[in-house]
Amino acid sequence: MDLFLQQVLNGLTLGGIYSLVALGLTLVYGILHVPNFAHGAFYMAGAFASFHLMKVYGFNYWLAMLGSALVVAVIATLAERLVFHPLRKASGLHPMIAAIGVLLFLEAGAQAIWGADFHRLQTPYTGILDLGGVTAPVQRLLIIGAAFTLMVVLHLFLRKTVTGSTIIAMAQNRDGASLVGIDANRVAMLTFAISGMLAAVAATLYAPINLVYPAMGHLVITKAFVIIILGGMGSVPGAIVGGLIIGFAESFGAFYISTDYKDIIAFVLLVVILSLRPEGLFTKGAN
C-alpha cells in the first residue's frame, strides 16, 4: 500500500505539471485553431528565466517564478503579435510552420545565452516528509498544491469574470464574438500571455526535480499535445483530466512495468482511448 500511495503522489506531481502546460496549449488552440508547437519553447524559456533571475540577480524562488511568468507572458504576446497575428487568415499549415520557427528561434537563443549544458534550478524546499510511510519531497507537494490551485483559479477566471467569458466566447466562435463587440486582438494577446505564464510556472515548479536545458520542452510539449487530443481539442476540463490520466499512467507504468517504457505509455493510451472515443474525452470548447 505504501508503494501504491507513493506512485499516487508521483502521478499527481506529473499530472499537475502536464495539466498546466496542456491548459495553456488548449487555450491558444481555442483561439488559433492550430497547434502551437512554440509552447514547448515557452516552457523552456520559463525555466531559464527563473534560473537566470535566481543565479544572476539573487531573486528568491517565488520572486523568480513571478518574474519568469511575466517574462514569458511578454514573449508569448510578442509571438502572437509578430508571428501568429499576421497569419490569422492563412491556411492551417502556415501558422504551424511559423510556430516551429518560433520554437527553433527561442531554443537557439537559449543555447546562445546559457549554452547547451544542463543546469539545476535551486529550491529552498529540499526537505522530505514522511506521510504515513509515504516519502514525500516537499517540492513535489509544492508542485501538487500550486498546480491544482492554479487550475481552480483559471477555472474561476474563465467562468466568473467578464474577461474570462470573452476568451470562452472567442474559443467557441471567433466571428460571432467579434460581431457582439469583443476585441479579438485583445483577447488573443491575453490568451497567449496566460498560456505563457502557465508554462513558465509549470517549468519553475518542475525544474528543481528535473534539469534545465534548451531542448527540455520537446518531450513535455509532445505529451501536452497527446493530452489535449485525449481530452478533446480546446477543452479545459479535458486538459486537466487528460494530464492526470497521463501522469498516473506514467507513474504506475514506470513502477509496475519498466521505466524504459514510461514515455511510450502516453502514446499507447492515446491510441487506445481515441479508438474507443475519437472525439476525445470531452467535447470541444474552452469551458
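**Reading helices, core and pocket**

Mentor: What covers the buried residues of α4 includes α2 (39-55), α3 and α9 (217-231). Keep in mind that this is a predicted model.

Trainee: Which residues of α4 are buried?

Mentor: The buried residues of α4 are P95, A98, A99, V102, L103, L106, E107 and A110.

Trainee: How many residues does helix α4 have, and what span does it reach?

Mentor: Helix α4, residues 93-114, has 22 residues. From first C-alpha to last it reaches 32 Å, close to the 32 Å expected at 1.5 Å a residue. Then look at what comes after. G115 follows α4, and its phi is positive, near 85 degrees.

Trainee: Now α8. Is it mostly covered or mostly uncovered?

Mentor: Mostly covered. Of the 23 residues in α8, 18 are buried. The helix runs over residues 184-206 and reaches 33 Å, close to the 33 Å expected at 1.5 Å a residue.

Trainee: What does a side chain do at the start of α8?

Mentor: Look at D183. One of its side-chain oxygens reaches to within 3.1 Å of the backbone nitrogen of N185.

Trainee: How should I read a nonpolar core?

Mentor: Start with the general idea. In soluble globular proteins, nonpolar side chains tend to be buried together. Then look for the members with the most partners. The largest nonpolar core here has 79 residues, and L23, F42, Y43 and L205 touch the most other members. The largest share of this core, 13 residues, comes from α8.

Trainee: Which residues does L23 touch, not counting those up to four places away in sequence?

Mentor: L23 touches M151, L154, L198, V236, A239 and I240.

Trainee: Why does Q139 count as buried?

Mentor: Go by relative accessibility; the cut-off for buried is under 20%. Q139 is at 3%, so it counts as buried. Its place is in helix α5, residues 138-160. Q139 is in contact with Y61, T123, Y125, L205, P208 and I209. L205 is also among the core residues that touch the most other members.

Trainee: And a pocket? How many residues line the largest one, and which lie nearest its centre?

Mentor: Take volume, then lining, then the elements behind it. About 360 Å³ of space lies in the largest pocket. Its lining has 21 residues, with I31, L32, R88, K89 and R174 nearest the centre. At least two lining residues come from each of α1 (2-32), α3 (61-84), α7 (174-179) and α8.

Notes. Residues numbered from 1 in each chain as written. Predicted model: local features only at pLDDT ≥ 70, side-chain atom pairs only at ≥ 80, totals over all residues. Heavy atoms only, no water. Helix = DSSP H or I, 4+ residues; strand = E, 2+ residues; numbered from the N terminus. Expected span 1.5 Å × (residues − 1). Buried < 20%, exposed > 50% of the residue type's maximum accessible area, 1.4 Å probe, protein only. Polar contact = N/O pair within 3.5 Å; in protein donor to acceptor, adjacent residues only side chain to side chain. Core = buried A, V, L, I, M, F, W, Y, C linked by side-chain atoms within 4.5 Å. Contact = heavy atoms within 4.5 Å. 1 Å grid on protein atoms, 1.4 Å probe; cavity = no way out; pocket = protein on both sides within 12 Å on 5 of 7 lines; lining within 4 Å. Points joined across faces, edges and corners; volume = space filled by probe spheres on them.
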